[in-house]
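I opened the model to look up its helix packing, its core and its strand pairing. My entries follow in the order I made them.

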Amino acid sequence: MTDLADPTVADIDAAAAALEAEFACLVDWSARLKHLMDLGRTLDGIPPHQRRDQDQVTGCQSQLWLVIERTPAALHIRADSDALIMRGLLALVRRLYDGRPPAAILAHSPAVLDRLAVGRNLAPSRANGVHLIVKRIREAAAAA
């Protein structure tokens with residue numbers, strides 16, 4: 001449950017609402033998939049020479065890297081994948097959580113990703129990859 005009195009949680013809620021509105025006009029999975037791939041093309045990613053084994057997320061059918069840097073006020077997320085669909089999903093996750101305070105991340109449910117039809121239409125290993133990414137971000141927020 002989110003606390004609307006907390007502006008940082010409200011920022012995540014606003015980002016989630018914007019994502020839902022963005023995807024609401026995409027009526028079928030092929031349109032959503034195309035949009036995800038377009039988002040994937042815009043992800044800055046992580047240069048190959050900066051990809052480390054400890055940043056790799058296993059459990060997804062594609063290669064996936066997630067770097068979470070902590071500052072006193074926020075978590076900063078960099079992510080990349082060798083698969084365009086996963087890059088798009090990473091772009092969604094970053095829009096929700098990058099630059100947000102740990103307490104706000106923990107207070108916000110990641111259910112918006114399932115509402116965007118991520119869970120229903122992706123290959124199980126890709127859906128699992130998204131859940132592993134969110135889990136790792138929430139663990140970093142809890143440790144902060």
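I count a contact when heavy atoms lie within 4.5 Å. With that cut-off I looked up Leu96: leaving aside neighbours within four places in sequence, Leu96 is in contact with Ile12, Ala15, Ala16, Leu19, Val112 and Leu113.

Ground rules next. This is a predicted model, where local features need pLDDT of at least 70, side-chain atom pairs count only at pLDDT 80 or more, and totals for chains, interfaces and linings use all residues. Residues are numbered from 1 along each chain as its sequence is written, and side-chain values use heavy atoms, with hydrogens and water left out.

**Entry: the core**

I take a nonpolar core as a set of buried Ala, Val, Leu, Ile, Met, Phe, Trp, Tyr and Cys residues joined through side-chain atoms within 4.5 Å. Buried means under 20% relative accessible area, exposed over 50%, and partly exposed in between (1.4 Å probe, protein chains only). Which members of the largest core touch the most others? I found Leu92, Leu96 and Ile137, out of 40 residues. Next I checked the suppliers: α1 (7-24), α2, β1 (64-70), β2 (75-81), α3, α4 (102-107), α5 (111-115) and α7 (124-143) each give at least two residues. Helix α3 gives the most, with nine. These elements are DSSP runs numbered from the N terminus: helices are H or I with at least four residues, strands are E with at least two.

I found Leu92 in helix α3. Leu92 has a relative accessible area of 0%, so I log it as buried. Not counting residues up to four places away in sequence, Leu92 touches Leu19, Phe23, Leu36, Leu39, Leu113 and Leu116. I also took its C-alpha distance to Ala15: 9.4 Å, across 77 residues of sequence.

Ala15 sits in helix α1. I log Ala15 as buried too, at 14% relative accessibility. Beyond four places in sequence, Ala15 touches Arg95, Leu96 and Arg100.

**Entry: α2 against α3**

I describe two packed helices by the angle between their axes and the distance between the axes. Axes are lines fitted to C-alpha atoms, for helices over the stretch in contact, and angles run from 0 to 180 degrees between N-to-C directions. Helix α2 (residues 29-42) and helix α3 (residues 84-97) pack at about 75°, with axes 7 Å apart. The two are therefore roughly perpendicular (65 to 115 degrees). On the α2 side I noted Leu33, Leu36, Met37, Leu39, Gly40 and Arg41; they meet Leu84, Ile85, Arg87, Gly88, Leu89, Ala91, Leu92 and Arg95 in α3.

**Entry: the strands**

How many bridges join β1 to β2? I found seven, and the strands run antiparallel. Strands pair if DSSP finds at least two bridges between them. A hairpin joins β1 to β2 through four residues. I looked up two partners in β2: His76 for Glu69, and Asp80 for Trp65. Five of the seven residues of β2 are buried, so the strand is largely enclosed by the rest of the structure.

**Entry: Gly129**

Gly129 lies in helix α7. Is Gly129 buried or exposed? I log Gly129 as buried, at a relative accessible area of 0%. Leaving aside neighbours within four places in sequence, I found Gly129 in contact with Gly59, Cys60, Leu64 and Met86. Ser62 is 67 residues from Gly129 in sequence and 8.6 Å away in space, C-alpha to C-alpha.

Definitions and conventions:
Angles under 35 degrees count as roughly parallel, over 145 as roughly antiparallel, 65 to 115 as roughly perpendicular and the rest as oblique.
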